[in-house]
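Subject: Structure for you to look at

Hello,

I am passing on the structure we talked about. Please open it alongside this email and follow along.

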Amino acid sequence: MRTHRIQGRVSGPLVAVFLGVLGGLALLALTRFEFALGGPKIDRSGRLVILINGIPERMARDVLLPNHAWVLQIRLPEETQPGNDEAFLVTLRSERTGATIQIEDRFSIQNGIATLAIPKSIGLATGLLSVRATYIDATGRHFEDQRRIRIRSWFGGSPIGERQIIHFDFEVDRDEDGVPDFLKDLERFGLASPDQRDFAERIAARIEERALERVERAYDATDDPNGTGRDRDPVHVRFRPDTDPRSLITRICIGGSDPLKRGSVGQVRFDLRNEDKTSVECGDEPVSGIFPAELEIYKDSPLYRAVLDPFLKAHGGTVLGKHPDDSISMFEIDADGSGNGSVWISRRRSEVDRAIAVIGDVLGSIMAHEAGHALGLVAPSQPGLGLFGGSDGEAYAHNLDAFGDPPSDLWLMNPGGRFSFEELAGQGVDGPLRFRPLNYAYLRDRVVVSDKH
Ligand SMILES: [Zn+2]
């Protein structure tokens, strides 16, 4: 038996946790307690629940885990306080070898959930692992939960390579007219005109910047999707508007319309386990890329109207570059008026800023979704074959719940055709679209997907 003490950043109240069995002093005490009373009386009024990676219980049941870096969480029964430092006990036992690892460690407890990111140093063996958690609260009530988790070996390295870059190419010129297709797209929305190339390029650059920021936020979520307790927990993929010859580049083009005219705003091939780390999603044959021109399918959305009408002649607006308040210098002044409010922002300028923000966020949500496909989301079937993704129809490569139905929650990798313009803009009732915890756990290499079941 080995004893590890793991030091780490801990926030919230501390509770000492002993992982270990048969010989652990705390457990001996518990065993004696069980003998004396004919087994502890388990309180059913509240539940102690073992969770993995912030994934709902039913979904986490089949998840296959690597031997470290996943997140073990214990949800404490509501409105309880631990009896003392030894009231909270978690035991890990390998069913294959019978070995138990005794660890004295500290979980971070926040909002009634005790969290531990499993470190490599624990040395978990592959195969089934029994996890048992017991908890005695300050009033002497006894709670417990037990589950089995499968630890898999790591086949062929992690799915997402260390050097993986997604290159979002806004310069693509499919129709070979010498002008990037994206600039032509902006003309449809009144945000550019052919004789004002300067304006078109400036606004394109601002939208591109905003869209990339939106993608970064999706993959570097600040709301701790896997409940690690860490401030930041980013996915190790870089997103760039240009290339880097030293890296593995997946190129996704942004510009033009869907060649098949199905009104699809994006189509990137689903790449199981990100096996092709240098794919090119830029073609007419097969159709792939992101098609901003198709955003017109949302033209009846109230937000679309409010944002773009000021630039559309047919709706009483004036194309960007033709309004008396339009000047190229409007792109130089910070939107917040950088001299502490001393810069006056014209109404026209506010409309321009709003169009940049909304179109940038909508495109960014689509880019984050399509990049997800290129990285292997969402693999069909249950873990360890898949990640609860569908295999046909609109559910293909998109989220399903544990019952095989479309999820009731709004997640970024749900079927794309179901999102409204407002939701893509992050202005739906739930705010910006996010990866669901299982998708995020995959992107962080915390869930192993394998065809070797
Ligand atoms: Zn999709």
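Below is what was found in it, from the overall make-up to single residues.

Overall

Please keep in mind that this is a predicted model. The protein has 453 residues, of which 41% count as buried. Eight helices and 16 strands make up its secondary structure. Of the contacts between residues at least 6 apart in sequence, 73% join residues at least 24 apart.

The core

The largest nonpolar core contains 109 residues. Leu 186, Ile 203, Ile 252, Ala 355, Val 362, Met 367 and Val 447 have the most contacts inside it. Helix α6, residues 347–374, contributes the most to this core, with 12 residues. Because domain 1 (42–151) and domain 2 (164–443) both give residues to the core, it lies between them.

Apart from its neighbours within four places in sequence, Ala 355 is in contact with Leu 191, Val 307, Leu 308 and Phe 311.

Helix α4 covers residues 197–219. With 23 residues at 1.5 Å each, α4 should span 33 Å, and its end C-alpha atoms are 33 Å apart, which agrees. The buried residues of α4 are Phe 199, Ala 200, Arg 202, Ile 203, Ala 204, Ile 207, Glu 208, Ala 211, Arg 214, Val 215, Ala 218 and Tyr 219. An α-helix has 3.6 residues a turn, so residues three or four places apart point the same way. The buried residues of α4 pack against α3 (181–188), β12 (238–240), α6 and α8 (437–443).

Ala 357 is in helix α6. The C-alpha atoms of Ala 357 and Arg 210 are separated by 6.6 Å, while the two residues are 147 apart along the chain. Ala 357 has 18 other C-beta atoms within 10 Å, so it is partly exposed.

The parallel sheet

An open sheet is formed by four strands in the order β12-β11-β13-β15, with parallel pairing. β12 and β15 (280–281) are at the edges and have a single partner strand each, so one side of each has no neighbour in the sheet. Strand β13 (residues 248–253) is joined to β15 by two bridges, and Arg 251 stands opposite Val 280 in β15. Helix α6 lies across β11 (164–169), β13 and β15, and runs at about 135 degrees to β13.

Strand β9 (residues 127–136) pairs with β10 in the antiparallel sense over 10 bridges. Here Ala 133 stands opposite Asp 145 in β10. The two strands, β9 and β10, form a hairpin with five residues between them. Gly 140, in the turn, has a positive phi of about 90 degrees.

Strand β10 (residues 142–151) is also joined by two bridges to strand β4 (residues 64–65), and these two run parallel. Leu 65 has Ile 151 in β10 as its bridge partner.

Backbone details to check

Two cis peptide bonds are worth a look. One joins Glu 285 and Pro 286, with omega about 0 degrees. Pro 286 is placed in the loop between β15 and β16 (289–290). Another joins Leu 377 and Val 378, again with omega about 0 degrees. Val 378 lies in the loop between α6 and α7 (421–424).

Positive phi values come next. Ala 69 is not a glycine, yet its phi is positive, at about 80 degrees. Ala 69 is in the loop between β4 and β5 (71–75). With 17 other C-beta atoms within 10 Å, Ala 69 is partly exposed.

Glu 79, also a residue other than glycine, has a positive phi near 55 degrees. Glu 79 is found in the loop between β5 and β6 (88–94). Is Glu 79 buried or exposed? Glu 79 is exposed, with 8 other C-beta atoms within 10 Å.

Regards

Terms used: Residues are numbered from 1 along each chain as its sequence is written. This is a predicted model: local features need pLDDT of at least 70, side-chain atom pairs count only at pLDDT 80 or more; totals for chains, interfaces and linings use all residues. A nonpolar core is a set of buried Ala, Val, Leu, Ile, Met, Phe, Trp, Tyr and Cys residues joined through C-beta atoms within 7 Å. A residue is buried if 20 or more other C-beta atoms lie within 10 Å of its own, exposed if 12 or fewer, and partly exposed in between; C-beta atoms are placed from the backbone. Domain bounds come from an automatic or database domain assignment. Two residues are in contact if their C-beta atoms, placed from the backbone, lie within 7 Å. The expected span of a helix is 1.5 Å times one less than its number of residues. Two strands pair if DSSP finds at least two bridges between them. Axes are lines fitted to C-alpha atoms, for helices over the stretch in contact, and angles run from 0 to 180 degrees between N-to-C directions.
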